[in-house]
Amino acid sequence: MSSSTTSPTLDEIVALSKRRGFVYPTSEIYGGLANAYEYGPNGVELLRKIKNLWWEFFISKRSDMLGLDSQIILHPRTWEASGHVSSFTDPLVEDQVTHKRYRADHLIESWLSKHSLDNPPVVESMSVQDMSQFISANNIKSPDGNPLSAAKSFNLLFETSIGVVADESNKVYLRGETAQGIFSNFKQIVDSNRVKLPFGVGQIGKSFRNEITTGQFIFRTLEFEQAEIEYFFNPKDTDWQVLFKDWQDKMWQFVTEILGINPDKLRWRRHEDSERSFYSKDTYDLEYQYPFGWKELWGIAYRTDYDLKQHMEFSGRSLEYIDPLTQEKFIPHVIEPAVGINRLLLMVLCDAYRPDAQRERLVLELQPKLAPYQVAVFPLLKNKPELVDRAKTVYQLLQNNYRVTWDERGNIGKRYLSQDEIGTPYCVTIDFETLENDSVTVRHRDTATQERIKINDLEGWLQDKLLR
Ligand code: ATP
């Protein structure tokens, strides 16, 4: 197939996701809920595969890494210690006519992309006051063309309360990131495991942010899954710059080799000094070229000993580490690579999207290890019991080792088209020749070519192709 090299639009990705059961709008029957999406039968498979690959690569296959599953609702002091209660904010402006709310930084970025200034400001470094001034000096309007209010800080933490009385004393937060559960468990992890610095703790779990920017599909949602690592080390023994670079290489390797993403669509962006948190010594974003531009996929920051120190101060408990050899007592430093699984999934969908030049046939060229189904089995005709029975035997045989789907609807061409859009690498068809010589037609997703394979050789053939 001569495939198109044009990148997909976000609308194309949204349409495919809905049509093929990857991602649905949340509560669609009630008119939807902004910034909330469900993962359908194929989406949940893809999500699980990405999570499993992440866990295997960063936790299971490393002797210096441990896993954790901490709670979504933690003690509320956690978020005071971490700084989220006071400064986990976005700059917000309001359309003075429609009262719709927008991120001031996003409106400025969009304005800058359409106007060329000699010295454009670095939006990430602007304060809320800078943004208000810039908006009024340049007469920036809302997307509906109306005047905007001054920018205000808006806290992203979701609040709720425990028990029947919803007052201040019962107030808790849905976690805004998974990382704080790692810091608050640091001592328990060290005391209950045979670990020695340097070592890391990783976890995957839901985080919640009261995001107001709409229209970025699953890139920015209220509820999302984070995969975060805190890698603890003694700065006297470990050169943080070497360690930082090593983690950057691992992130790059995971994205390009394990997920097979095109490196031309990836780049590093270093945070400006003014953009970085005061405690961070260095921060980079690994960016992917999404249909709406280069955006943060994965962040990595050297957070020094800030978080453990804060939790020591707020909890009154020591979170120091005692070196077993030297007996040196100190607070470890950390490097934090943090990614959203949903952003990885969106990248995987965008990167695998291959329409043909006429945009008549679409193939989702997922790596076989990511495809929701590895094989599809079809009887050529559904009203021929001898074909259906034989196909069922092949289906059951392959089910022992592969994720297999069955399809007998419509004509064979349509079945191929639907498997192509799901990303199933191989389709196996049981036809009349099967009844004569025990061979099946195997069709390759990416080339649409076909070959005949003996049923007895099928498992070995697939193993060779899929489990390499
Ligand atoms: P952004 O600047 O895009 O809002 P961030 O810098 O606030 O992201 P971090 O706090 O560094 O994000 O979170 C770590 C990772 O979690 C991000 O790199 C991203 O992959 C993911 N993430 C953050 N917010 C969201 C969200 N609302 N929806 C989906 N994924 C998210």
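Strand E13 (293-304) supplies the largest share of the shell around the ligand, 4 residues. Strands (E) are DSSP runs of at least two residues, numbered from the N terminus. The model is predicted: local features need pLDDT of at least 70, side-chain atom pairs count only at pLDDT 80 or more, and totals for chains, interfaces and linings use all residues. Residues are numbered from 1 along each chain as its sequence is written, and side-chain values use heavy atoms, with hydrogens and water left out.

Besides E13, strands E10 (223-233) and E16 (333-340) each give at least two residues to the shell. The ligand is surrounded by 15 residues, where a residue counts if one of its heavy atoms lies within 4 Å. By type they divide into 6 nonpolar, 4 polar and 5 charged, with Asp, Glu, Lys and Arg counted as charged, Ala, Val, Leu, Ile, Met, Phe, Trp, Tyr, Cys and Pro as nonpolar, and the others, Gly among them, as polar.

Polar contacts (pairs of N or O atoms within 3.5 Å) include these:

| Residue atom | Ligand atom | Distance |
|---|---|---|
| Thr 221, polar backbone atom | nitrogen | 3.0 Å |
| Glu 296, polar side-chain atom | oxygen | 2.6 Å |
| Leu 297, backbone N or O atom | oxygen | 2.8 Å |

Taken alone, the ligand exposes 590 Å², of which the protein buries 81%; areas are from the Shrake-Rupley method with a 1.4 Å probe.

An open sheet of 5 strands has the order E20-E19-E21-E22-E23 and mixed pairing, a pair needing at least two DSSP bridges. Strands E20 (404-406) and E23 (450-454) each have a single partner strand, so one side of each lacks a neighbour in the sheet. Strands E21 (426-430) and E22 (439-444) run antiparallel, joined by 4 bridges; Val 428 has Val 442 in E22 as its bridge partner.

Methods. Polar contact = N/O pair within 3.5 Å; in protein donor to acceptor, adjacent residues only side chain to side chain.
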